[in-house]
Amino acid sequence: MTATLSQSLAPHLPLLRRYARALTGSQTSGDNYVRACLQTLLADPSVFPGDLDSRVGLYRIFHILWSGTRLDSPGVAPAGGKLEQVAQERLAAMPPDSRQALLLTSMEGFSDADAAIIMGRDKAEVPLLVDQAVAEIDRQIKAKVLIIEDEPLIAMDLSGIVEDLGHEVAAVARTRGEAVAEAERHRPG
């Protein structure tokens, strides 16, 4: 890699590492992809698309490697505990292109046009992919809620709040016995 190319890419490497870790779901796997990207550029700097902004070009090379080669480390749990693991599992449940479009535009701040170049897609596809990712997130976080409240007006108010937040009210129970029976019948989230 020439000194000029390495100097232009250096400021973007921490951002690429963050993106790679979010995309792959683990620090180890993300770092493996970034390493492979840099090794590719060291072996043959001419593969870098010189007609692109350095950050867009770096992410483009990364995407080509990510979509063509699997360097994931099976069995490597994400660091950070149970909550991060749940978040990574939900992210992994998204189709890869939708996940990538969402991360490129929302987390990395790329425009739809730049995200399309990075992904090798048509610019019109990027917003559709982002919408798919958001719909999947909405689907994953939607819950069935059991409301336990003996005051009818408060229960009604709580039901409205739950529904306004996009969740479903499985049932409203006034007593402990009703709550247990409704929980067995509806299995709230």
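Reader: What do the values rest on?

Author: The model is predicted: local features need pLDDT of at least 70, side-chain atom pairs count only at pLDDT 80 or more, and totals for chains, interfaces and linings use all residues. Residues are numbered from 1 along each chain as its sequence is written, and side-chain values use heavy atoms, with hydrogens and water left out.

Reader: Which residues touch the most other members of the largest nonpolar core?

Author: Start with the term. A nonpolar core is a set of buried Ala, Val, Leu, Ile, Met, Phe, Trp, Tyr and Cys residues joined through side-chain atoms within 4.5 Å. Buried means under 20% relative accessible area, exposed over 50%, and partly exposed in between (1.4 Å probe, protein chains only). Here the largest core has 34 residues, and Tyr19, Phe62 and Leu104 touch the most other members.

Reader: Which helices each supply at least two residues of this core?

Author: Helices (H or I, at least four residues) and strands (E, at least two) are DSSP runs, numbered from the N terminus. The contributors are α1 (3-9), α2, α3 (27-43), α4 (54-68), α6 (96-107), α7 (112-119) and α8 (125-141). The largest share, seven residues, comes from α4.

Reader: What is Leu104 in contact with, leaving aside its neighbours within four places in sequence?

Author: Contact means heavy atoms within 4.5 Å. By that test Leu104 meets Tyr19, Tyr59, Gly109, Phe110, Ala115, Ile118 and Met119.

Reader: How many aromatic pairs does a search of the whole structure find?

Author: Rings of Phe, Tyr and Trp (its six-membered ring) pair if their centres lie within 6.5 Å; planes under 30 degrees apart count as stacked, over 60 as edge-to-face and the rest as tilted. The search finds four pairs. One of them is Tyr19 with Tyr59, a tilted pair at 5.3 Å centre to centre and 45° between the planes. This pair links distant parts of the chain: Tyr19 sits in helix α2 and Tyr59 in helix α4, 40 residues apart. Tyr19 is buried, at 0% relative accessible area. Tyr59 is buried too, at 0%.

Reader: How is the pair of Tyr59 and Phe110 arranged?

Author: Tyr59 and Phe110 pair edge-to-face, 4.9 Å centre to centre, with 70° between the planes. Tyr59 lies in helix α4 and Phe110 in the loop between α6 and α7, 51 residues apart. Phe110 is buried, with a relative accessible area of 7%. Ring pairs link Tyr19, Tyr33, Tyr59, Phe62 and Phe110 into a cluster.

Reader: Is Ser54 buried or exposed?

Author: Apply the cut-off. Ser54 counts as buried because its relative accessibility is 17%. Its place is in helix α4. Leaving aside neighbours within four places in sequence, Ser54 is in contact with Ser8, Leu9, His12 and Phe48.

Reader: Where is Arg17, and what does it contact beyond its neighbours within four places in sequence?

Author: Arg17 is in helix α2 (residues 13-24). Arg17 is partly exposed, at 36% relative accessible area. Beyond those neighbours, Arg17 is in contact with Asp31 and Val34. The C-alpha atoms of Arg17 and Asp31 are separated by 6.3 Å, although the residues are 14 apart along the chain.
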